[in-house]
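Here is a short briefing to read alongside the model. Please keep the viewer open as you go.

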Amino acid sequence: MKWNKTKGLTLILTLALININCESNENLSREKIQEFLDEGMSPKYILDNGASLDEFYGLTYQGGFIFYLDANFGNGMIAAVEDATDRMSWHDAKSYCENLSIEGNDDWNLPKMEHLTLMWLNLADSDGDGYCYGPNDPFNLGGFESEYYHSSTEQDLEDSRSLDFYDSLESIGPKNWNYYVRAIRSF
Ligand SMILES: [Ca+2]
Ligand SMILES: [Ca+2]
């Protein structure tokens with residue numbers, strides 16, 4: 001059998017994972033999952049080795065926070081770790097996201113309404129009490145503001161949909177209103 005660096009590393013990581021599972025016989029901790037992600041393991045591989053889906057939300061992967069993960073196929077979505085610096089109009093929000101480049105990835109987008117809602121559920125209100133109290137809220141995993149965020153979803157030519165990150169109330173308003181912006185990408 002021929003060795004190379006990648007094979008060696010994969011074997012070491014696999015043994016580490018098996019070792020953890022045998023010792024604890026419990027689900028992997030968030031800290032451990034984050035370590036494995038940082039070492040280059042895929043979320044799907046970690047899932048298949050005993051991690052539970054909920055533990056992934058808010059962990060960092062490919063330059064963002066995981067807020068969606070498909071347990072069957074291993075694809076998912078991340079939110080950029082920060083908002084755009086300023087509140088901006090819908091058109092500016094779209095081009096800001098499309099021009100973003102983080103860790104070599106330039107396929108960021110303004111989230112559709114359903115993805116913005118998922119981001120709120122799995123990151124901003126991770127404790128599920130129905131509210132996000134802003135950056136100092138310990139259960140607000142993405143550091144979101146307790147304010148309105150743009151979605152890419154249009155209502156008509158002049159209006160678009162947004163989400164109040166305080167209580168996840170949906171709103172429809174003119175595209176030239178300035179709201180907070182958080183880019184997302186799929187992996
Ligand atoms: Ca782009
Ligand atoms: Ca909450």
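In this predicted model, Tyr 149 has Leu 163 in β5 as its bridge partner. That bridge belongs to the antiparallel pairing of β4 with strand β5 (residues 159-164), which spans four bridges. Strands here are DSSP runs of E with at least two residues, helices are DSSP runs of H or I with at least four, and both are numbered from the N terminus. Two strands count as paired if DSSP finds at least two bridges between them.

**Reading the model**
- Residues are numbered from 1 along each chain as its sequence is written, while chains are lettered from A and ligands numbered from 1 in the order in which they are written.
- Because this is a predicted model, local features need pLDDT of at least 70 and side-chain atom pairs count only at pLDDT 80 or more, whereas totals for chains, interfaces and linings use all residues.

**The three-stranded sheet**
- Strands β4, β5 and β6 form an open sheet in the order β4-β5-β6, with antiparallel pairing.
- The edges are β4 (148-154) and β6 (169-174); each has a single partner strand, so one side of each lacks a neighbour in the sheet.
- On average, neighbouring strands of this sheet are turned by 35 degrees against each other, direction ignored (axes are lines fitted to C-alpha atoms, for helices over the stretch in contact, and angles run from 0 to 180 degrees between N-to-C directions).

- Strand β2 (residues 64-69) runs antiparallel to strand β3 (residues 76-80), and five bridges join them.
- Ile 66 has Ile 78 in β3 as its bridge partner.

**Helix α5**
- The buried residues of α5 are His 115, Leu 116, Met 119, Trp 120, Asn 122, Leu 123 and Ala 124 (buried: 20 or more other C-beta atoms within 10 Å of the residue's own, with C-beta atoms placed from the backbone).
- Among the elements covering these buried residues of α5 are β2, β3, β4, β5 and β7.

**The chain as a whole**
- The chain holds five helices and seven strands, in the sequence pattern α-α-α-β-β-β-α-α-β-β-β-β.
- Of its 187 residues, 30% are buried.
- Among contacts with a separation of 6 or more, 53% join residues 24 or more positions apart (contact: C-beta atoms, placed from the backbone, within 7 Å).

Note on methods: Buried ≥ 20, exposed ≤ 12 C-beta atoms within 10 Å, placed from the backbone. Contact = placed C-beta atoms within 7 Å.
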